[in-house]
Amino acid sequence: MGMVLGKISVETPKFEVIAAANDYEIRKYPPSVIAEVTYDPAQFKSDKDGGFMILANYIGALGNPQNMKPEKIAMTAPVITKTASEKIAMTAPVVTKSGGELVTMGFILPSKYVRAEEAPRPVDERVVIREEGEKKYGVVRFSGVARDGVVAEKVEELRKCLERDGYKVAGDFVLARYNPPWTLPPFRTNEVMIPVENGVALVERIKRGLKGAKGSELHHLTEAVKVVDGAPDRLRILADFINSVS
C-alpha cells in the first residue's frame, strides 16, 4: 500500500543542495557506480524502457541474480531516462538515452559499491559497469505522470531559470522517476535534471560592480554577497543592484 501512495523505501542517491531558488535547486552528486545496457528499442516493440528487464535480471530483482558471484543487489531509485534527437555518447549517469536507433538505460548501484570492480560481474555481456564522477544538476520536482509534453515543458522552464541565474548548461536533461508504475499519479515523484556549471555570469557581473565601490560601501556590498551566496534568485537581484549603482 505504501508504494501505491508514493512511499520510497529503497536507497536513493545522496546529494548536497548547494543553492536553492524558488523554482529549482542546484545539487551536487558524489561519484557513483552504474550498471547500464545499450539496445535498440525495436527489439522491445519500440519500448524505450525495454532494457529494464536486462538490468533487473542482473541485480536479481525478479529471481536469481544474473551475475558471476552470484550476488543479489538491492534496487535503488530513481530510474532515470534521457532522450535526444541525435545519437549521443554513452556517458551520462543512470540514464536511458534515446539517440535515433539506440537507447542506454542504467541503474545507480547501492552506495556500498565505490569502484566499478567492486560490483559483481554481469553474466549478460550487454550489461556494462562503469564509474560516474561528481556532477552538479539544476533540478525541478513534480508529481503526476511524466508524459513527454509535461517533461518538455518542465525542461524548457528549468533551462530558462538556469540561464536567467547565470548557470551554464553542461549537457542534456535527464528525467528521474522514483516510483513503480502502480503508484497513483498524484503521489509520484518525478524530477527533471539538467547538468550545470557554476553561475559564472553572475559572479562576473558582481565583480565588475564591486570594482566601482570604495571604502565602507565596498565592505557592505561584499558582506551582502556572502549573505546571499547559494541563493540564486537573491544573488541575481544583488547583481542587478550593484551594477545599477556602481
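The model is predicted, so local features need pLDDT of at least 70 and side-chain atom pairs count only at pLDDT 80 or more, while totals for chains, interfaces and linings use all residues. Residues are numbered from 1 along each chain as its sequence is written, and side-chain values use heavy atoms, with hydrogens and water left out.

The protein chain has 5 helices and 11 strands. These are DSSP runs numbered from the N terminus (helices: H or I, at least four residues; strands: E, at least two). Of the 246 residues in the chain, 43% are buried. Buried means under 20% relative accessible area, exposed means over 50%, and partly exposed lies in between (1.4 Å probe, protein chains only). Contacts are heavy atoms within 4.5 Å. Among contacts with a separation of 6 or more, 67% involve residues 24 or more positions apart. The chain exposes about 13,400 Å², and carbon and sulfur atoms supply 54% of that area. Accessible areas come from the Shrake-Rupley method with a 1.4 Å probe; for residues, only the protein chains shown count as cover.

Aromatic pairs are rings of Phe, Tyr and Trp (its six-membered ring) with centres within 6.5 Å; planes under 30 degrees apart count as stacked, over 60 as edge-to-face and the rest as tilted. The count by this rule is 4 aromatic pairs. One of them joins Phe15 and Tyr29, which are tilted, at 5.3 Å centre to centre and 45° between the planes. Phe15 lies in the segment before β1 (16-20) and Tyr29 in strand β2 (residues 25-29), so this pair ties together parts 14 residues apart in sequence. Phe15 is partly exposed, at 34% relative accessible area. Tyr29 is buried, at 10%. The ring centres of Tyr29 and Tyr137 are 5.8 Å apart with planes at 85°, so this pair is edge-to-face. Tyr137 belongs to strand β8 (residues 135-142), 108 residues from Tyr29. Tyr137 is also buried.

Arg27 lies over the face of Phe15, 4.2 Å from the ring centre. Arg141 lies over the face of Tyr178, at 5.8 Å.

Phe187 is in the loop between β10 (174-177) and β11 (190-197). Phe187 is partly exposed, at 40% relative accessibility.

Key. A charge sits over a ring if NZ of Lys or CZ of Arg is within 6 Å of the ring centre and within 35 degrees of the ring normal.
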